[in-house]
Each structure stands twice: as structure tokens, then as C-alpha cells.
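Work through the exercises below with the model at hand. Each task is followed by a stepwise solution.

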Amino acid sequence: MTANLTMEKPTQQIRFRHLRRLTDDTGLLEHAIGRIPRRAEGYTTDDNARALWACIEWIDLDAGLAEAEGLPELAERYAGFLYWARKPDGRFHNNYDYERRPESEYPSDDCLGRTIWALARTISVPFGKRLAPAVPDLLAHAFPAARTMTMPRGWAYALAACALLERSGGASERRDDAPLPFAGERVRSLAAELKSRLLDKYRREAGPGWHWFEPVMTYSNGLLPWALFEAHAAFGWGDALAAARDTFRFLAERMAAPSGAIRPIGNRGWGTREGTARWDQQPIEAFKLALAAEAGYRVTGEREYRETALACRAWFHGRNDCGAAIADPADGSCCDGLTPDGPNANRGAESTIAYLLTEAVVRRLGGAENGQCGSAVQSRSIR
């Protein structure tokens, strides 16, 4: 059965005031108390890479809005943070205190993969020329380190970056003549290796009633099918498409409430073979499902993927278990999650960027212009 409920789109044009509020002359601050930055919590490379990605998406989507909101200048600041955070081995230090001192940490594959993706996305658009040579140099510096990653979400980001570089390197699809720092066999070789790692994990873990890459569905789950959809789009790999379809369908079913609305997998227990935690629900999960859905729609043209992306956007605007809007288009902020008692009132960097990027995903689908904010996940299988 397919639900066709819709809700009106927010009447206000999306703004980026909160993103600017969280940004100082160093970069993007990680946390907030309500809408007020918590400077004592410092900065992360993770969030500055996310913020660069969000700026690039909106610069590419709506240059007039981006200019009015100061996104080009913000993108320069976030790129500068990434350049400052790079390490000699190609990785990036992630956590810094407010005094700009690096904090003790273990190397993060997620941070490396996310930053590689943000840099690749930047050089794939004409605005990327404005950030040369810094961003191409950073990408060339980080790219070899991708082979050292051992975690699947890092692989997924880097695989999607390889797919994007492959597509952007084609003369028929380039919108400018900016040279890419790598192309051809180097990108394809890394992509093939990363795709094989993801599919090997999937084959080892999957079984009856469990179509996933890991024994537990934890965070940012949509990244994994997203990367495989992107790999198929760039390289034509049928095995990547088959796994992307199966795992997306399984994830979408696990993230569907009985009402048909989106219900992100809760972080108080995650998702296992025995069941799925309901709370707390985080914006990053709705965004990553929307990201995978957009890629699935682009690859297959099947309407169910588009409806899922619209339902993810609707989650931010009140089609959720609490019946409460957690995003505010007036300043572009977003609550840090949903709890059994309602929205978490804090509006930090990760959640805010998840909202801004979800809006970008739906804009690319054309849903925002059509006034649709889908309220239900398709209950039938997506194939």
C-alpha cells in the first residue's frame, strides 16, 4: 500500500543565519545551547567538512540565495579550516578546543572520508576554482590515505568521491575547464577496491531477514547504499546497484513508523536483528536516508525513492513521532534530535547542516518547487 499524504512546504525561504551564528573567524563551532554557540566545546574537522559541503550544494543550486546569505565567504573559511587541520600522513586532525589546540584522539576514518567527499564536491562545481589551489592540493594530499581506512562509512564517502571525480572528469559533463587533480585509472582502481570492501562486508553479514553490512545498524546508515548507488552511476557496476537496492529497501523499512512517517533508528540501542530502538532520533539519520533516496531515484527513476526523500524532509517539519517541527527555515537551524519528551532544544552544527543538506536534496528532486513535503515512506518494497 502506498501513502500519498503531503504537507505544505514552509512558506519562508530557507536562511543560513544559524550557520553564520555558529561560525567565527576560525571555523564552525560544534555545539550550541539552544541557539547560542557553546564555545567551550570547540571545533571539529567533521563539522567544517559538512559545512563546506552544504555551502557548495547551495552555491551550485541557487547562486543568488548563496550570495545573499554569504555562503561563498563561509565556504572559504571552512576550506581554510580543513587546510589548517591536515596532517603529514594525508589525514586530518578532527577535534580542536576553542583555543585552537588539537585535542587527544584516535584517527577517524569517518573524518577522512567525509573530508575527501567535501573536497571532491567542491572541485566538481565552477565555484571550486575560487578555492584553488588550496582545495585541489588538499584532495591530492588526502586521496592516497583513503586506502588505509578500515571503517565502512569512511569507505562509503571515499567511494562516492571517486564516483563524483569520474563523472566530473568527463569532458561532456564538465561545466568549466578546471583541471582535476586525478582522473582515470587511479580513481577507478581505488573505487573498485572500496566497492569490493563494502560488498564483502555485506555478503558476510547479510542473511535471512537481515540485509545489512554490519551486525548492528548504528549511525549514518544511509551512507552505505548511497555510495553504492553513486558507484553504479559512475562505473556501471551491477553488483553495486543490486546491493544498494537491497540495503536501501531494508533501511527504509527499518526507518518507517506504522503511520508511514519516517522514524530514524534511535541511538538508545540502535537496530539489531531483534528490533529497532525508537529513541533518540537524530537529524543526521533522516538526511542520510534522503541522500541515498535521491541517488536511488536518479539511478532508477523509480517514484518510491523520491517519495522517501520527501518523507525525510517532512520529518524535519513535523511529520514525525512527536508531531513537532524541529527545523526553523527562518534561520536555518535544527534541533539536535527527538526524544520521548519532544525535541532537544539545542541546535548544534551537525543537526543544522543535516537539515540544510536535506533541503538541498529535495530541491534537486524538484519537490520544494512543487510544494510537496512527503509525509510517508512507501510501505511496499523498493526494487
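**Exercise 1.** Find how the side chains of Asp321 and Arg278 meet, and state which parts the pair ties together.

Step 1. Asp321 and Arg278 form a salt bridge, 3.2 Å from N to O; the term requires a side-chain nitrogen of Lys or Arg within 4 Å of a carboxyl oxygen of Asp or Glu. The model is predicted: local features need pLDDT of at least 70, side-chain atom pairs count only at pLDDT 80 or more, and totals for chains, interfaces and linings use all residues. Residues are numbered from 1 along each chain as its sequence is written, and side-chain values use heavy atoms, with hydrogens and water left out.

Step 2. Asp321 sits in the loop between helix H12 (303–316) and strand E7 (327–328), and Arg278 in the loop between strand E6 (275–276) and H11, so the bridge ties together parts 43 residues apart in sequence. Helices (H or I, at least four residues) and strands (E, at least two) are DSSP runs, numbered from the N terminus.

Step 3. Asp321 is partly exposed at 23% relative accessibility, and Arg278 is partly exposed at 37%. The classes are buried (under 20% relative accessible area), exposed (over 50%) and partly exposed in between, with a 1.4 Å probe and protein chains only.

**Exercise 2.** Determine whether Asp47 and Arg50 are buried or exposed, and how they are placed in helix H2.

Step 1. A salt bridge joins the side chains of Asp47 and Arg50, at 2.6 Å from N to O.

Step 2. The two residues are three apart in helix H2, which means that about one helical turn separates them.

Step 3. Asp47 and Arg50 are both buried.

**Exercise 3.** Describe the salt bridge between Glu69 and Arg20.

Step 1. The closest N and O atoms of Glu69 and Arg20 are 2.7 Å apart.

Step 2. Glu69 belongs to the loop between helix H3 (63–68) and helix H4 (71–85), whereas Arg20 belongs to helix H1 (residues 17–21), so the pair links parts 49 residues apart in sequence.

Step 3. Glu69 is buried, at a relative accessible area of 8%, while Arg20 is partly exposed, at 34%.

**Exercise 4.** Identify the residues that touch the most other members of the largest nonpolar core.

Step 1. A nonpolar core is a set of buried Ala, Val, Leu, Ile, Met, Phe, Trp, Tyr and Cys residues joined through side-chain atoms within 4.5 Å.

Step 2. The largest core has 116 residues, and Leu19, Leu52, Leu159, Trp226 and Leu228 touch the most other members.

Step 3. Helix H7 (residues 152–168) gives the most to this core, eleven residues.
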